[in-house]
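Hello,

Here is the structure I promised to pass on. Have a look at it first, and my notes follow below.

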Amino acid sequence: MRVLVVQNFDNEGLGQIGAALVEAGAHIDLRRPYQGDPLPDDAAEHDAMVVLGGAQNALDDENCPYFPGLLDLTRDFADKDRSVLGICLGSQLLARAFGGENQIGGATEFGWHRVSLTPEAKTDPVLAALPEKFPIFEWHDDTFVLPDNAVRLAGSAIAENQAFRIGRAVYGFQFHFEADRPMVRDWSTSFASLIAERHPDWHDRLDGEMARNGPDADAAGLAIARAWVATI
């Protein structure tokens, strides 16, 4: 199993997805196109692709000139019935790739928030085993209108489209299910000044929020990661 991982920003790692891929014996091919790494021309040499998050917006082709090529590559994976996973920015790019409308700003969520599954999620191979509502980590300002051919799988009070599927195994997740408690603590340190500008009480809230929401969020995130890896 050979999995292409597209990283879009420093410190945006695989987290629980990486754990699930290691369990499955996958070979991870990590590319950082924002640092100049080339992307493959097509999906021929990979069985699946993961597109991670980042601080950019999904329409920022000027600062991320590799975005159009990444959209083409995403569509090629889908056309070849290869599994695709997009998280946060990755989900916004998936929506764009398949004709959805990106909304820049106006949907800010940070920290652990509760998401709700849709009725369609009850029969979805990745989400069917999850509780109807669960806490999960969020960090985004943008959102999107779903592509016409997408199945909506989850939403929240702030962002209606939190998870969707296109075809058999192309999945977009606005929330950071890969971010377990160690990753959130690392982000809280690595991005401390950025977080403090917008959420000045986060440092004081972190331990309490983590104790309240972390166990359930981590369990849900690992279950999602393992179920997606099973689609490859």
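**What I found**

Helix α6 (residues 202–229) spans only 33 Å between its end C-alpha atoms, whereas a straight helix of 28 residues would span 40 Å at 1.5 Å a residue. That expected span is 1.5 Å times one less than the number of residues, and helices are DSSP runs (H or I, at least four residues) numbered from the N terminus. At Asn-213, shortly before the proline Pro-215, α6 has a kink of about 50 degrees (the angle between axes fitted to the seven residues ending there and the seven starting there).

This is a predicted model, where local features need pLDDT of at least 70, side-chain atom pairs count only at pLDDT 80 or more, and totals for chains, interfaces and linings use all residues. Residues are numbered from 1 along each chain as its sequence is written, and side-chain values use heavy atoms, with hydrogens and water left out.

Glu-23 sits in helix α1 (residues 16–23) and Arg-226 in α6, 203 residues apart, so to speak two distant parts of the chain linked. The structure holds 14 salt bridges (a side-chain nitrogen of Lys or Arg within 4 Å of a carboxyl oxygen of Asp or Glu).

Best wishes
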